[in-house]
Amino acid sequence: MSKFFYKGRIEKKPKHESFGFNTKRAVKPGSAELPLKLTVTSEQRKQELASVAAEHQLVVNITVDDTAEENIQELDVVISKPITATFDKKPNRNDPCSCGSGKKYKKCCA
């Protein structure tokens, strides 16, 4: 039997905060609360990545390990965020033309 037909207490839908979902996302990766964890194979590469992180104002923990593979995926994800493409608005038919002639767009450049 469905809970809609039950005449007792109706349970409300649970809120996401009470079940562990992070809906606010206040802590950003690369900040002091959540530093990026990188693994490199040499001291020279560590200095390069430290300068890149300082340029982008990120906090990183870099470990040097000769036997492990280089893992800088977290840094690549934070640095190469996609940029939203914006386009100029096309004028409507009855708006003045953008070329500066003073005519309506439909009579000039349409």
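Here are some friendly notes on the structure above, point by point.

1. **What kind of model this is.** This is a predicted model, in which local features need pLDDT of at least 70 and side-chain atom pairs count only at pLDDT 80 or more, while totals for chains, interfaces and linings use all residues. Residues are numbered from 1 along each chain as its sequence is written, and side-chain values use heavy atoms, with hydrogens and water left out.

2. **The overall layout.** The protein has 3 helices and 2 strands, and reading along the sequence gives the pattern β-α-β-α-α. Helices (H or I, at least four residues) and strands (E, at least two) are DSSP runs, numbered from the N terminus. Of the 110 residues, 15% count as buried. Here buried means under 20% relative accessible area, exposed means over 50%, and partly exposed lies in between (1.4 Å probe, protein chains only). The areas themselves come from the Shrake-Rupley method with a 1.4 Å probe, and for residues only the protein chains shown count as cover.

3. **A check on helix 1.** Does the length of helix 1 agree or disagree with what its residues should span? Helix 1 covers residues 43-55, and at 1.5 Å a residue its 13 residues should span 18 Å. The expected span is 1.5 Å times one less than the number of residues. The end C-alpha atoms are 19 Å apart, which agrees.

4. **What follows helix 1.** Just after helix 1 comes Gln57, in the loop between helix 1 and strand 2. Gln57 has a positive phi of about 55° although it is not a glycine. This residue is exposed, with a relative accessible area of 72%.

5. **The salt bridges.** How many salt bridges are there? The count comes to 2, a salt bridge being a side-chain nitrogen of Lys or Arg within 4 Å of a carboxyl oxygen of Asp or Glu. One joins Arg45 to Glu48, with the closest N and O atoms 3.1 Å apart. Both residues lie in helix 1, 3 residues apart, about one turn of the helix. An α-helix has 3.6 residues a turn, so residues three or four places apart point the same way.

6. **Arg45 again.** Arg45 also meets Glu70 in a salt bridge, at 3.2 Å from N to O. This pair links distant parts of the chain, 25 residues apart: Arg45 is in helix 1, and Glu70 is in the loop between strand 2 (60-64) and helix 2 (73-79). Arg45 is partly exposed at 24% relative accessibility, Glu48 is partly exposed at 36%, and Glu70 is partly exposed at 36%.

7. **A positive patch.** Which residues form the positive surface patch? They are Arg93, Lys104, Lys106 and Lys107. Patch residues have over 30% relative accessible area and no salt bridge; like charges are joined within 9 Å, and nonpolar side chains (Val, Leu, Ile, Met, Phe, Trp, Tyr) within 5 Å. Lys and Arg count as positive and Asp and Glu as negative, with His and the chain ends not counted. Each charge is placed at NZ of Lys, CZ of Arg, CG of Asp or CD of Glu.

8. **Lys106 and Asp95.** Lys106 lies in helix 3 (residues 105-108) and is partly exposed, with a relative accessible area of 33%. Asp95 sits in the loop between helix 2 and helix 3 and is partly exposed at 28%. The two are 11 residues apart along the chain, with their C-alpha atoms separated by 8.3 Å.
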